[in-house]
Number of protein chains: 2
Amino acid sequence: MEVHLSNFTIQVNDNIYLKNPDSSDLGKKIISHSIMMIEQDGLENFTFRKLAKRIKSTEASIYRYFESKHKLLLYLISWYWGWMEYKLVFGTANIEDPQIRLEKAIKILTETIEEDRTFSHVNEVKLSQIVISESSKVYLTKDVDEENRKGIFTPYKQIVERVGQIILEINPNYKYPHMLVSTVVEGAHLQRYFADHLPRLTNNIDGEDSVVNFYMDMVIKNIQK
Amino acid sequence: MEVHLSNFTIQVNDNIYLKNPDSSDLGKKIISHSIMMIEQDGLENFTFRKLAKRIKSTEASIYRYFESKHKLLLYLISWYWGWMEYKLVFGTANIEDPQIRLEKAIKILTETIEEDRTFSHVNEVKLSQIVISESSKVYLTKDVDEENRKGIFTPYKQIVERVGQIILEINPNYKYPHMLVSTVVEGAHLQRYFADHLPRLTNNIDGEDSVVNFYMDMVIKNIQK
DNA sequence: GTATTAATGATAGTATTACTATTATTTTTG
DNA sequence: CAAAAATAATAGTAATACTATCATTAATAC
């Protein structure tokens, strides 16, 4: 059973954009095509000039939405975390047993992403590839502290907090809930990247999703009293 | 007791440089000052022009050692992994019990770095800061596959392999040795970065090195039969 | 001690990037 | 239909990441 929610949009911190790309056709084109282009050529080879050419607009027009390429990436990553939180909330709603709720949450956070037709101009599969290979670049900058102050990373922190809470429900004495969750989330991305490009840094066993299994197992064993 | 090894240098894959920076005074200056500058201003704000000015040389001269800023970063990271392997080999030599050997290895990989006076032109403390905040950028590129083919990442893979072997000595049936080691290594870096910049993504408990304790515990619990 | 070679310095130049600024045109809305 | 808002067209700038050329200095070989 697939549920379709209309009238549902992911809210992104408005410090990130100059003009909300969700508010116009051009804005949506900027988002959808930048996802395709960054996924294909990488952030390093992506420029507003190329994007403008592709969507038959101009650099100046794109700059009215985002003041830099870094901000556009921030928008995409932020959108992703907002979307992930919506998936988490829906996916774990009405599950009484915190152990099962936690397992569901870890699965959602570590499994490979499938298309979600709720948000038509965003290709979530490609976006998740961008998250895997580019998301750490949004905070590994000299501007982290300032951007953090502006609340740019709250969607991510909220997810870590939310799943950390489930862990504490199961074991209130567990000392490292945030550490465990961020290790899982970042680790899952990295292991998928390694599987594609540096396979000797990971282990991929046929017939299973090793990333999900490894991190699921890790969480369960770690929080045991 | 501190042991000083002279006549000991870290070998770096010679596909990385045009001319070995270890072979001249200028080369060593390039390394030592780039470490200081990148640590302070970040890779993004570091340029060969600024470096040249600082060491009173010229851009052209630096380009005779490294064909790009990315290659210079690769050199630094590679040197670091070579150095880490030497620390691992010495630190775990003559330890019979594989369990104790593994614990020593994990400690070496996750603890904060202290100065090593064996290699005079390299400040290992600053270099480790660079590794924490910039190292993932060396493989999160569109050129990974090609650089991997040239053997640029072997020092890192060797460490993962080496520690993975100890894990298999303890539990030959453990399915994810490489995954576990790379999760620990990358996780330790990230958690230290989070502690400094995004503290809500981690847990730092007074009076202990939470990063070491968390990952030590994780490894032990994970490989249990 | 000089000739030869290698290393470095000085200087200049190029394509690209990441923007900013200005004005013209089109589209939307009251 | 007029006014306002959005977008397009065009041009320009400072900085970056290099490449090229030639002069000078240092190292080494005989």
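**Close-up 1. A salt bridge links chain B to chain A in this predicted model.** Here the side chains of A:Lys175 and B:Glu208 come together, with 3.5 Å from N to O. If you look for polar contacts instead, the two chains share 34 residue pairs, counting residues at pLDDT 80 or more.

**Close-up 2. Several helices of chain A touch chain B.** Among them are α1 (25–41), α9 (154–170) and α11 (210–223). Which element gives the most to this side? That is α10(A), with 13 residues. Sorted by type, the residues on this side of chain A are 22 nonpolar, 18 polar and 14 charged.

**Close-up 3. Here we see the area that chain A and chain B bury between them.** The buried area comes to about 4700 Å², and 60% of it is on carbon and sulfur atoms. On the side of chain A, look for A:Leu140, A:Met179 and A:Phe214, which lose the most area to chain B and together make up 15% of what that side buries. Each chain brings residues to the contact: 54 from chain A and 54 from chain B.

**Close-up 4. This view shows the largest cavity, with about 260 Å³ of space.** In total, three cavities of 30 Å³ or more are counted. Which residues lie nearest the centre of the largest cavity? They are A:Glu186, A:Leu190, B:Ser136, B:Glu186 and B:Leu190, out of 24 residues that line the cavity. The lining divides into 10 nonpolar, 12 polar and two charged residues.

Note on methods. Residues numbered from 1 in each chain as written. Chains lettered and ligands numbered in written order. Predicted model: local features only at pLDDT ≥ 70, side-chain atom pairs only at ≥ 80, totals over all residues. Heavy atoms only, no water. Contact = heavy atoms within 4.5 Å. Buried area = accessible area lost by both parts, 1.4 Å probe. Salt bridge = Lys/Arg side-chain N within 4 Å of Asp/Glu carboxyl O. Polar contact = N/O pair within 3.5 Å; in protein donor to acceptor, adjacent residues only side chain to side chain. Helix = DSSP H or I, 4+ residues; strand = E, 2+ residues; numbered from the N terminus. Nonpolar A, V, L, I, M, F, W, Y, C, P; charged D, E, K, R; others polar. 1 Å grid on protein atoms, 1.4 Å probe; cavity = no way out; pocket = protein on both sides within 12 Å on 5 of 7 lines; lining within 4 Å. Points joined across faces, edges and corners; volume = space filled by probe spheres on them.
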